[in-house]
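My notes follow the structure.

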Amino acid sequence: MYKKIDIFTDGSCLGNPGPGGCGSILRYKKHEKILSSGYYKSTNNRMELLSVIISLETLKCSCDILIRTDSQYVKNGITKWIYLWKKNSWMNKKKIKIKNFDLWKRLDIAIKPHNLNWIWIKGHSGNIENDRCDKIARFAALNPFLEDTGYLFKSYFK
């Protein structure tokens, strides 16, 4: 019997690229854990991906998870596009390495032990948890303390 976990995520970037932050809320029964991290320079899509990755990597056992994100990029990437990317060695149709492939590979590993369901939530639409995650991510972007090494060294990944 798996634990049932609700995860809410959001990423924020002050400029794109610019200082970035990610924020997540993990909920198990009545327990709630808030996660955030801020990066000196990144992109919005990287922050959206990292918010999910960090949440999943925090879990210590296999779980039934409902992930709510306002990122179509993350939801569609992990539920639709990733299969073709993996088949094509992380290349797009033009035979160019996909953007953020370092994080897509990391997310692909992070989802393996879990049963996942993904829900897309329209951002800034009054969803309480999404609004909270947005504030958490924005605060993290305003107070960066980490380097996004994938962003800094992306030229090596081509």
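These entries cover the sheet, then the helices.

Entry 1, the model. I am working from a predicted model.

Entry 2, the sheet. I looked up the strand order and found an open sheet of five strands, E3-E2-E1-E4-E5, with mixed pairing. I then checked the edges: E3 (31-42) and E5 (115-120) each have a single partner strand, so one side of each has no neighbour in the sheet.

I looked at E2 (residues 18-28) beside E3; the two run antiparallel and are joined by 10 bridges. I looked up Leu26 and found its bridge partner in E3 to be Lys33.

I placed helix H2 (residues 72-87) across E4 (63-69) and E5, at about 140 degrees to E5.

Which angle do the axes of H1 and H3 make where they cross? I read roughly 25 degrees for H1 (residues 44-58) and H3 (residues 101-111), with the axes coming within 9 Å. Angles under 35 degrees count as roughly parallel, so I logged H1 as roughly parallel to H3. The crossing of H1 past H3 is left-handed.

From H1 I listed Arg46, Leu49, Leu50, Val52, Ile53, Ile54, Leu56 and Glu57, which meet Asp102, Leu103, Trp104, Arg106, Leu107, Ala110 and Ile111 in H3. I sorted the residues of this contact into 11 nonpolar, four charged and no polar.

Terms used: Residues numbered from 1 in each chain as written. Predicted model: local features only at pLDDT ≥ 70, side-chain atom pairs only at ≥ 80, totals over all residues. Heavy atoms only, no water. Axes fitted to C-alpha atoms, helices over the stretch in contact; angles between N-to-C directions. Helix = DSSP H or I, 4+ residues; strand = E, 2+ residues; numbered from the N terminus. Parallel < 35°, antiparallel > 145°, perpendicular 65-115°, else oblique. Left-handed = near helix turned anticlockwise from the far one by under 90°. Contact = heavy atoms within 4.5 Å. Nonpolar A, V, L, I, M, F, W, Y, C, P; charged D, E, K, R; others polar. Pairing = 2+ DSSP bridges.
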